[in-house]
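Visitor: I have a structure to look at, and I would like to learn how to read it. Could you guide me through a few of its features?

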Amino acid sequence: MKAAMRRLVRADPDDRWAAAFGRIAVYSFLVALVTGILLLPFFRPSMTPVVYHGSYRKLDGLPMSRAYQSTLNTSFDVRGGLLIRQVHHWSADLFVAAVCLRLVRVFFRGRFRLPDWLIWVGVLLAGMLAGLSGDILPDDMLSGGSLGVLTGVILSVPVAGTHMATLIFGGPVPGHVIIPRTYWVHIVVLPAVLGALLLLSYRRGRTRAVRVRRADPLLPFTCAALVLLGAVAQINPVWLFGPYQPDSISAGSVPDWYMGFLDGALRIMPGWEVSVGSNLLALDVLIPAVIVPGLFFTLVAAYPLLDGWIAGGRPPRGLLPPRPADPANRIGVGVAGITFYGLLWAAAANDEIAYHLQIPLFTVTWVFRVLVLTGPALAFALTRTICHAVEARRHDEAEHGIETGRIVMTPEGGFTEIRDQAASR
């Protein structure tokens, strides 16, 4: 096992930056695993109602679930409990960020390897689910909001949605078993899936053998950064939100950064509903929360198969001449995808934007609707134009030399610029 982990964190896909992001993801996962184990003895995954009498006086005497009570006790009555909780949360966020950066780096360099690309996309999705399931466990108002969004998404699925919700919640929503079930998924199922996928990302023979003579400096750096964040940067202060009430939600509440795109899509989607027979189809939830994310991540996972058609450079079948490669198309598609994701992510704060800029919320919502539809196309066209301009300049410099700014008169009486041919080489 020790040798396998050593090969895992040292595997280099011919890209040191991609490998560094991969190792940061592994180390963040290990920190989350260790801090999660330290939190296990103190958390009670139960929705049994209790009355709180603890150190946080503002909630004294308030009815709440045992899960929320144990979270408060861990934060205020366990020595170092709040630090461990915050390090655990920050490590989950850093894990998803490192995986995203690795995928972006591999994408823009066009170094797709199958099944390596699919494995890391699976790591990203499993990491997002692990973070979402962890956010639900404290049973505070913020986690209840996430649970409410998840419930609406499940119920929006035609035909099977109601049956799925009944199966997951064990009866009427929210029921009394969702936190215990989510708990076991969070501490057993998803860590096992993530560990297996990370181990699968290393394949014997993919890289030359590397003899490790010293420790990786990224390990203590990652651990120190997470501990520092946990000590000085407050995250998920559950005591400020209060216990979950199904008919309420905290003002200005937003999910973790990597789930912001889902919240943003739900906020800007028009309230479309269609009656099919005696059933009501909630398109205002189904499209932004099921269809759009499903298509987006399907295209991300399948992109290596589409790269030959988009970027070119591969000889077609038959007698047709090969089409020249145009990496600008790939870069444009990548920037368009990031723009689409970023706009949805920003739309999750439409209420905060409207409040701070003193703009009507209706106006902000419509601005984001227009930008989400037009922004990716404009980003693709602009990026492709810039890439072609840069490539044309490089070609001109390689052929004629780099401009020096020195103008001389020719024997014929004209003027020409002296170019540095040596520098262009």
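This is a predicted model: local features need pLDDT of at least 70, side-chain atom pairs count only at pLDDT 80 or more; totals for chains, interfaces and linings use all residues.

Visitor: Where in the chain does Gly170 sit?

Guide: Look at the loop between α7 (161-169) and α8 (178-200); Gly170 is placed there.

Visitor: Which residues is Gly170 in contact with, leaving aside its neighbours within four places in sequence?

Guide: The contacts are with Ala165, Val177 and Arg181. For Arg181 you can also read the spacing: Gly170 and Arg181 are 11 residues apart in sequence, and their C-alpha atoms are 9.8 Å apart in space.

Visitor: Now a whole helix: how many residues of α3 are buried?

Guide: Here buried means under 20% relative accessible area. Helix α3 spans residues 66-76, and eight of its 11 residues are buried, which leaves the helix mostly covered. Among the buried ones are Tyr68, Gln69 and Leu72.

Visitor: What covers the buried residues of α3?

Guide: The cover includes helices α2 (16-39), α4 (81-109) and α8, along with the strands β1 (49-51) and β2 (63-65).

Visitor: What is the mean pLDDT of the protein chain?

Guide: The mean is 84, and 86% of the residues reach 70 or more. Over residues 8-13, though, the pLDDT is below 50; this stretch has 23 contacts in the model beyond near neighbours in sequence. Residues 204-213 are also below 50, with eight such contacts.

Note on methods: Residues are numbered from 1 along each chain as its sequence is written. Side-chain values use heavy atoms; hydrogens and water are left out. pLDDT is the predictor's confidence in each residue, from 0 to 100. Contact means heavy atoms within 4.5 Å. Helices (H or I, at least four residues) and strands (E, at least two) are DSSP runs, numbered from the N terminus. Buried means under 20% relative accessible area, exposed over 50%, partly exposed in between (1.4 Å probe, protein chains only).
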